[in-house]
Amino acid sequence: MDKENKMFQVSTLQALALGYSRSVITVAELLEEGDTGLGTYEDVNGEMIVLDGHCYRAKQDGSVIEVEPDAGVPFSAVAKLRGEREFPLENMKDIQSIRTELTRKIEERFGLNSMHVIRIDGLFEKVDARSEAPYRSHHVTLKTVLDSNQTAFVFENIRGSLVGVYFPDHMDGINMPGWHLHFLSDDRTKGGHVFDVSIKEGTVRLDKINRVEIYLPKDAAFDTYSLKNVSEEEINKVEKG
């Protein structure tokens, strides 16, 4: 069995949505498990982009810094990207058309019930994104945090990478079903969680993943959250705007 072909996830999206934003592991520990992926930081301190084995933080204004190894991670999903499939994407007008095409590609090879990790490098006509400032509180829902601390911004005619994961419907609650994408510019100075995006030309690298390792929080506070109480509407509001 291939030990490397796995998705490594910290906590669950349900827990984050309900306000569990304490550190579970460090960035250094996360990068031992994967070189590509996304997530957030302790106290929801910005959007995480993991690319080429480096971990970046998109701050509230859309600017990006590389994160120190001891930074805390409450939620993330990463894998080791090999690029087992590679194909072009051109003239994609919005994120829905991109998601539709990516889903068609994985369905071609019977992948709808598996996880995937993806990277798309290219020239983007427009990236509509968001990030947020930290909110030091617990049992305050992610929706509430984002309603008060989130900032949206737009990048135009920019080269960079979309980094993301796909989780199937049957894993709803562990992560967001479907495609979840973050953006990082080529010069590593701009990025965020992607609401909408249009691609002029790009190259997709994609891996199908059939194993998952979930690292759950160890502290007692985690057991005070009723994780099934998160509504689909609330998750969609958080992830899709």
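Throughout these legends, contact means heavy atoms within 4.5 Å. The views come from a predicted model, in which local features need pLDDT of at least 70, side-chain atom pairs count only at pLDDT 80 or more, and totals for chains, interfaces and linings use all residues. Residues are numbered from 1 along each chain as its sequence is written, and side-chain values use heavy atoms, with hydrogens and water left out.

View 1. Let's begin with a glycine: Gly 122 belongs to strand E10, which covers residues 115–132. Helices (H or I, at least four residues) and strands (E, at least two) are DSSP runs, numbered from the N terminus. Not counting residues up to four places away in sequence, Gly 122 touches Ile 158, Arg 159, Gly 160, Glu 201 and Gly 202. With a relative accessibility of 11%, Gly 122 counts as buried; buried means under 20% relative accessible area, exposed over 50%, and partly exposed in between (1.4 Å probe, protein chains only). For a sense of scale, 19 Å separates the C-alpha atoms of Gly 122 and Tyr 56, which are 66 residues apart along the chain.

**View 2. His 116, also placed in strand E10.** His 116 is buried, at 3% relative accessibility. Leaving aside neighbours within four places in sequence, its contacts include Met 7, Ile 106, Trp 179 and Leu 206. Also in contact with His 116 are Gly 164, Val 165 and Tyr 166.

View 3. Strand E12 (residues 178–185) holds His 182, which is buried at 1% relative accessibility.

**View 4. A buried salt bridge between Arg 130 and Glu 47.** Side chains of opposite charge can pair when their charged atoms come close. Here a salt bridge is a side-chain nitrogen of Lys or Arg within 4 Å of a carboxyl oxygen of Asp or Glu, and the count by this rule comes to 16. In the bridge between Arg 130 and Glu 47, the closest N and O atoms are 3.0 Å apart. This pair links distant parts of the chain, with Arg 130 in strand E10 and Glu 47 in strand E4 (residues 47–51), 83 residues apart. Arg 130 and Glu 47 are both buried.

View 5. Arg 104 is partly exposed at 39% relative accessible area, and Glu 108 is partly exposed at 43%. Another bridge joins Arg 119 to Asp 121, again with closest N and O atoms 2.9 Å apart. Arg 119 is buried at 10%, whereas Asp 121 is partly exposed at 26%. Salt bridges that share partners join Asp 52, Arg 119, Asp 121 and Arg 188 into one network.

View 6. Rings of Phe, Tyr and Trp (its six-membered ring) pair if their centres lie within 6.5 Å; planes under 30 degrees apart count as stacked, over 60 as edge-to-face and the rest as tilted. That rule gives 6 aromatic pairs. Tyr 20 and Tyr 225 have ring centres 5.5 Å apart and planes at 80°, so they are edge-to-face. This pair ties together parts that are 205 residues apart in sequence, because Tyr 20 lies in the loop between helix H1 (13–17) and strand E2 (25–26) and Tyr 225 in the loop between E14 and helix H5 (232–240). Both tyrosines, Tyr 20 and Tyr 225, are buried. Phe 155 and Phe 183 make a tilted pair, because their ring centres are 6.0 Å apart and their planes are at 35°. Ring pairs also link Phe 124, Phe 153, Phe 155 and Phe 183 into a cluster.
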